[in-house]
Amino acid sequence: MVVIGDSIPYNSPDDCSGCTGFVDQYAAAVGAATGEHVTVQNLSQHTGLTLPQLLDELDSFEQPLSAADVIVVGIAHNSFELNADAPCGRPLINDTPDWSAVDARCATDSATKYKPMYQKLYSQVASWRDGQPTILRTINRYNDWIGYADADLTHAQDLKTKTMLDAWDTMLCATATANGIVCADVYHAYNGPDGLKAVAGLLGPDYTHPSQLGNDRIESVLEGLGYAPLA
């Protein structure tokens with residue numbers, strides 16, 4: 001099992017002390033389902049890794065990914081528009097977006113901009129295992145803006161974050177599916193069916209990375225997708 005991506009699958013002890021990350025939990029579940037011993041090579045990075053940066057170094061992962069029976073990609077967090085230096089083309093105001101610029105058009109434009117990058121990522125990863133039975137999974141992005149105390153968002157601003165996430169995750173999962181990669185819907189597992197539930201309890205002290213309960217929730221979503229074509 002090989003994992004690539006940002007710090008969400010990394011499970012740093014600085015983010016979640018003593019936690020068993022969803023990567024290791026999922027590896028154990030795959031092992032139980034297949035009757036095989038699963039070794040894990042977690043190549044995710046706790047560096048603020050963005051999608052463009054991952055694409056720049058993607059060729060360096062060809063060997064481990066080509067040999068992997070299980071691949072998990074987790075690169076949904078840092079490239080999201082609301083995490084940009086100038087979200088929706090406007091400078092930050094007190095370290096938060098200019099909410100007047102955050103709207104459906106911005107959401108669509110951002111998703112459209114990143115779709116070719118996700119297409120390149122997912123198509124390349126899938127091609128390295130072409131014709132070989134492989135569990136191919138990716139995770140989408142949960143909303144860690146709603147309920148974040150330092151942001152102190154109004155309900156109207158919460159709705160704007162939902163508009164952004166709906167477009168982003170729809171694009172991400174559709175692109176993954178088109179390339180034969182199954183998308184784990186962490187977004188709604190965390191934020192509820194309407195995407196507006198605060199994620200307190202599922203995140204650690206930084207309100208960004210999963211807590212133990214959050215890791216358990218992600219693993220549960222992955223497990224719920226089954227283990228085809230290996231079991």
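Visitor: Why does Asp 166 count as partly exposed?

Guide: The model shown here is predicted. In this model Asp 166 has 25% relative accessibility. Partly exposed applies between the limits of under 20% for buried and over 50% for exposed, so Asp 166 at 25% counts as partly exposed.

Visitor: What makes the pairing of Lys 162 with Asp 166 a salt bridge?

Guide: The closest N and O atoms of Lys 162 and Asp 166 are 2.9 Å apart. A salt bridge requires such atoms to be within 4 Å, so this pair qualifies. Side chains of opposite charge can pair when their charged atoms come close. Lys 162 and Asp 166 are four residues apart in helix 5, and therefore about one helical turn separates them.

Visitor: Which residue forms a salt bridge with Arg 105, and how do you know?

Guide: The partner of Arg 105 is Asp 109, with 3.9 Å between the closest N and O atoms. Arg 105 and Asp 109 are four residues apart in helix 4, which means a separation of about one helical turn.

Visitor: Are Arg 105 and Asp 109 exposed or partly exposed?

Guide: Arg 105 has a relative accessible area of 65% and is exposed, because the term applies over 50%. Asp 109, at 44% relative accessibility, counts as partly exposed.

Visitor: What does the salt bridge of Asp 69 and Arg 129 tie together?

Guide: The side chains of Asp 69 and Arg 129 meet at 3.7 Å, N to O. Asp 69 lies in the loop between helix 3 and strand 3, and Arg 129 in the loop between helix 4 and strand 4, so the pair ties together parts that are 60 residues apart in sequence. Asp 69 is partly exposed, with a relative accessible area of 43%, whereas Arg 129 is buried at 7% relative accessibility. By the rule used here, the count of salt bridges comes to five.

Visitor: How do you know that Cys 16 and Cys 19 form a disulfide?

Guide: The S to S distance of Cys 16 and Cys 19 is 1.7 Å. Two cysteine sulfur atoms within 2.5 Å count as a disulfide, so Cys 16 and Cys 19 are joined. The link is left-handed, with -55° about the S-S bond. Cys 16 has a relative accessible area of 7% and Cys 19 has 16% relative accessibility.

Visitor: Why is the disulfide of Cys 88 and Cys 106 called left-handed?

Guide: The torsion about the S-S bond of this pair is about -85°, so the disulfide is left-handed. Cys 88 lies in the loop between strand 3 and helix 4 and Cys 106 in helix 4, so the pair ties together parts that are 18 residues apart in sequence. The sulfur atoms of Cys 88 and Cys 106 are 2.0 Å apart. Cys 88 is buried at 18% relative accessibility, and Cys 106 is buried with a relative accessible area of 9%.

Visitor: Which cysteine is joined to Cys 173?

Guide: Cys 173 is joined to Cys 183, with an S to S distance of 2.0 Å. Cys 173 lies in helix 5 and Cys 183 in strand 5, so the pair ties together parts that are 10 residues apart in sequence. Both of these cysteines are buried. The disulfide count comes to three, and the bonded cysteines, numbered in sequence order, pair as 1-2, 3-4, 5-6.

Visitor: How do you know that the span of helix 7 agrees with expectation?

Guide: Helix 7 has 13 residues, and at 1.5 Å a residue it should span 18 Å; the end C-alpha atoms are 18 Å apart, which agrees.

Visitor: Which residues of helix 7 are buried, and what makes them line one face?

Guide: The buried residues of helix 7 are Gly 214, Asn 215, Ile 218, Glu 219, Val 221 and Leu 222. Seen down the helix axis, these buried residues fall within an arc of 155°, so they line one face of helix 7. They pack against helix 1, strand 4, strand 5 and helix 6.

Visitor: What is found at the start of helix 7, and what follows the helix?

Guide: At the start of helix 7, a side-chain oxygen of Ser 211 comes to within 3.4 Å of the backbone nitrogen of Leu 213. Gly 226 follows helix 7 and has a positive phi, near 80°.

Key. Residues are numbered from 1 along each chain as its sequence is written. This is a predicted model: local features need pLDDT of at least 70, side-chain atom pairs count only at pLDDT 80 or more; totals for chains, interfaces and linings use all residues. Side-chain values use heavy atoms; hydrogens and water are left out. Helices (H or I, at least four residues) and strands (E, at least two) are DSSP runs, numbered from the N terminus. The expected span of a helix is 1.5 Å times one less than its number of residues. Buried means under 20% relative accessible area, exposed over 50%, partly exposed in between (1.4 Å probe, protein chains only). The arc is that of the directions from the helix axis to the C-beta atoms. Contact means heavy atoms within 4.5 Å. A polar contact is a pair of N or O atoms within 3.5 Å; within protein, one must be able to donate a hydrogen and the other to accept it, and residues adjacent in sequence count only if both atoms are side-chain atoms.
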